[in-house]
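Dear colleague,

I am handing over the structure below, and my notes on it follow directly after. Please read them alongside the sequence and the coordinates.

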Amino acid sequence: MRVSALLARLELNPESVLVICGDTLVTRDADLGDTDEVEIRPVISGGAA
Amino acid sequence: VKCRVCREPAVIDVRRHNAAFCGDHFLHHCREQTRRAIHSQRMLTEGEQVLVAVSGGKDSLALWDVLLELGYRADGLYLGLGIGEYSSASRDAAVAFAEPRGLVLHEVDLASEYGFDVPGAAAATRRAPCGSCGLSKRHLFNSVALERGYDVVATGHNLDDEAAVLLGNVLRWETDYLARQYPVLPAAPGFVRKVKPFFRLGERETAAYCVLRGIDYQVEECPMAAGNRHLGYKEVLNTLEDRSPGSKAAFLFGYLERAHERFAGDADEERAALRTCAGCGSPTPGELCAFCRLQERAAPGHRAPVELGPTR
């Protein structure tokens, strides 16, 4: 499955996350394997100071 | 997607630049954007001693790293805000960055030195914690920098932070805040210079920078910020950005280049009318500064802080 399709399925805005496959950052056109371990890391922080 | 520079496989796309980068060229991109921000706004000069406001999150640790990579002399300041496990993990991340690199990390603990913490201040004022937190940070970054002889305080505010603050200020036409919203605020009596060298980098970029540099930062969001207005503005802006890449940068940079000047006079007037706080000596429009008033409410009777010391 493509990263972009995964994010769409999870209803996540690609602007607000990084996708890390194993130890590597991946772009939204990358293909993920069925057994890949994927971390979707939010990047939004909220302090308004 | 291939790296815009070397055509090797890319690890991150930056749609606002219509570009993708391999790891090495992405790190170069981050440093170049920071260098450009510093030079274009004359934020720092060679040999100046910089105090980086370090929270343990992605932005401040990436900023500290980039400033050192660019050759600046930069120490860190961590404020203990007393937000339970979140604060402990944040401090651990700041120390884990500083120690192996032999960096100076000053620490100030709000509770032990000023008698209150952020949850306590929120309860005492019956207002959202982010207000007391921001106020305390602004006050202490400035006062510690002055006491310790730093030329400038650098904060990790990024493009997303600044665009979200701008949206909030514009929605309410907060002209006083608009006047002060700029990537560099010059020094003035009682105020050290403040700079935001990351205003050209999005937070997705600062997070990716940390991942690629192997910097372990506090990934968890502050539990007290959940659902705040600022996060709502970021969500709205990211929805726009997804549909139309470059929107956030156009909004912020357009303001800085073409509109800020129209509000800047308000800040000059405000600064000219300041006097000295009876409690701590900081500049203030009233008798007591906002931080001392907060301390009076949150920690009645607490006396002045003790001498600060670096961790190493």
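I begin with a contact made by one lysine: the side chain of Lys58(B) is in polar contact with that of Glu203(B), at 3.2 Å, where a polar contact is a pair of N or O atoms within 3.5 Å, of which, within protein, one must be able to donate a hydrogen and the other to accept it, residues adjacent in sequence counting only if both atoms are side-chain atoms. The side chain of Lys58(B) also has a polar contact of 3.0 Å with the side chain of Ser45(A).

Before going further, the conventions: this is a predicted model, in which local features need pLDDT of at least 70 and side-chain atom pairs count only at pLDDT 80 or more, whereas totals for chains, interfaces and linings use all residues. Residues are numbered from 1 along each chain as its sequence is written, chains are lettered from A and ligands numbered from 1 in the order in which they are written, and side-chain values use heavy atoms, with hydrogens and water left out.

Lys58(B) belongs to helix H2 of chain B, helices (H or I, at least four residues) and strands (E, at least two) being DSSP runs numbered from the N terminus. Lys58(B) counts as buried because its relative accessibility is 5%; buried means under 20% relative accessible area, exposed over 50%, and partly exposed in between, with a 1.4 Å probe and protein chains only. Apart from neighbours within four places in sequence, the residues in contact with Lys58(B) include Val43(A), Asn158(B), Thr206(B), Cys210(B) and Tyr217(B), contact meaning heavy atoms within 4.5 Å.

Turning to the interface between the two chains, 33 residues of chain B and 21 residues of chain A take part in the contact. Together the chains bury about 2,300 Å², 54% of it on carbon and sulfur atoms, where buried area is the accessible area (1.4 Å probe) that two parts lose on being put together, summed over both. Chain B and chain A share two salt bridges, a salt bridge being a side-chain nitrogen of Lys or Arg within 4 Å of a carboxyl oxygen of Asp or Glu, and one of them pairs Arg28(A) with Asp13(B), with 3.5 Å between the closest N and O atoms. There are also ten residue pairs in polar contact between the chains, both residues being at pLDDT 80 or more. On the side of chain B that touches chain A, the elements that give two or more residues include strand S1 (12-14), H2 and helix H6 (129-148), but H10(B) gives the most, with seven residues. That side divides into 13 nonpolar, six polar and 14 charged residues, with Ala, Val, Leu, Ile, Met, Phe, Trp, Tyr, Cys and Pro counted as nonpolar, Asp, Glu, Lys and Arg as charged, and the others, Gly among them, as polar.

As for chain A itself, its secondary structure comprises one helix and three strands, in the order α-β-β-β from the N terminus. Of its 49 residues, 43% are buried, and its C-alpha trace spans about 40 × 20 × 15 Å along the principal axes.

The largest nonpolar core has 60 residues, and Leu44(B), Trp64(B) and Leu67(B) have the most contacts inside it; such a core is a set of buried Ala, Val, Leu, Ile, Met, Phe, Trp, Tyr and Cys residues joined through side-chain atoms within 4.5 Å. Helix H2 (residues 58-69) of chain B supplies the largest share of this core, six residues. A second, separate core of 31 residues has Cys133(B), Val153(B), Cys292(B) and Ala298(B) among its members.

Gln181(B) sits in the loop between helix H8 (175-180) and strand S7 (184-185) of chain B, and a polar atom of its side chain lies 2.8 Å from the backbone oxygen of Glu162(B).

Finally, two backbone angles deserve a look. Most residues other than glycine have a negative phi. Arg7(B), in the segment before S1 of chain B, has a positive phi near 70°, and Trp173(B), in the loop between H7 and H8 of chain B, has a positive phi near 45°. Arg7(B) is exposed because its relative accessibility is 52%, and Trp173(B) is likewise exposed, at 55%.

With best wishes
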